[in-house]
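Subject: Structure for your files, with notes

Dear colleague,

Please find the structure below, followed by my notes on what was found in it. I would be glad if you could read the two side by side.

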Amino acid sequence: MLNDEICKLRDKLNKSIEEGKDYNVIYKLSIELDELIASYYDKNNKKKPAMLIV
């Protein structure tokens, strides 16, 4: 599930930051996390019907 992937990647990112990993590793994980979060919101927004304003 996408939510589980987000949680795992967030934990991996946080651990990398705490351990002082190389900036490039942290940056790459951050980009991956941003993409997963964007996919999550995109998927959830498509499920909701658009509101009709009259």
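Ser16 is found in helix 1, where helices (H or I, at least four residues) and strands (E, at least two) are DSSP runs, numbered from the N terminus. With a relative accessibility of 6%, Ser16 counts as buried, on a scale in which buried means under 20% relative accessible area, exposed over 50% and partly exposed in between (1.4 Å probe, protein chains only). Leaving aside residues up to four places away in sequence, Ser16 touches Lys21, Ile26 and Leu29, contact meaning heavy atoms within 4.5 Å.

Before going further, please note that this is a predicted model, in which local features need pLDDT of at least 70 and side-chain atom pairs count only at pLDDT 80 or more, while totals for chains, interfaces and linings use all residues. Residues are numbered from 1 along each chain as its sequence is written, and side-chain values use heavy atoms, with hydrogens and water left out.

As for the chain as a whole, its secondary structure comes to two helices and zero strands, and 17% of its 54 residues count as buried. Its accessible surface comes to about 4,900 Å², of which 56% belongs to carbon and sulfur atoms; accessible areas come from the Shrake-Rupley method with a 1.4 Å probe, and for residues only the protein chains shown count as cover.

The largest nonpolar core has eight residues in all, namely Leu2, Ile6, Leu9, Leu13, Ile26, Leu29, Leu33 and Leu36. The elements that give two or more residues to this core are helix 1 (2–18) and helix 2. A nonpolar core is here a set of buried Ala, Val, Leu, Ile, Met, Phe, Trp, Tyr and Cys residues joined through side-chain atoms within 4.5 Å. In soluble globular proteins, nonpolar side chains tend to be buried together. Within this set, Leu36 touches Leu2, Glu5, Ile6 and Leu9, again not counting residues up to four places away in sequence.

A further pair of positions to look at is Ser30 and Arg10, which are 20 residues apart in sequence and 8.2 Å apart in space, C-alpha to C-alpha. Ser30 is found in helix 2 and is partly exposed, at 25% relative accessibility.

Turning to charged side chains, the count comes to three salt bridges, a salt bridge being a side-chain nitrogen of Lys or Arg within 4 Å of a carboxyl oxygen of Asp or Glu. In one of them, the side chains of Arg10 and Asp11 meet at 3.9 Å, N to O; Arg10 is partly exposed, with a relative accessible area of 38%, and Asp11 is likewise partly exposed, at 45%. Glu19 forms a salt bridge with Lys21, with the closest N and O atoms 3.6 Å apart, and here Glu19 is partly exposed at 46%, as is Lys21 at 42%. Lys28 forms a salt bridge with Glu32, with the closest N and O atoms 2.9 Å apart. Both of these residues lie in helix 2 (residues 23–47), four residues apart, about one turn of the helix; Lys28 counts as exposed, at 52%, whereas Glu32 is partly exposed, at 28%.

The structure also holds two aromatic pairs. The rings of Tyr23 and Tyr27 have their centres 5.9 Å apart and their planes at 20 degrees, so the pair is stacked, given that rings of Phe, Tyr and Trp (its six-membered ring) pair if their centres lie within 6.5 Å, and that planes under 30 degrees apart count as stacked, over 60 as edge-to-face and the rest as tilted. Tyr23 and Tyr27 are four residues apart in helix 2 and are thus separated by about one helical turn; Tyr23 is exposed, with a relative accessible area of 58%, and Tyr27 is partly exposed, at 45%. Tyr40 and Tyr41 form an aromatic pair that is edge-to-face, at 5.7 Å centre to centre with 80 degrees between the planes, and Tyr40 is partly exposed, at 31% relative accessibility.

Finally, Tyr23, Tyr27 and Ile31 form a nonpolar patch on the surface, with about 330 Å² of accessible area together. Patches are made of residues with over 30% relative accessible area and no salt bridge, like charges being joined within 9 Å and nonpolar side chains (Val, Leu, Ile, Met, Phe, Trp, Tyr) within 5 Å.

With best regards
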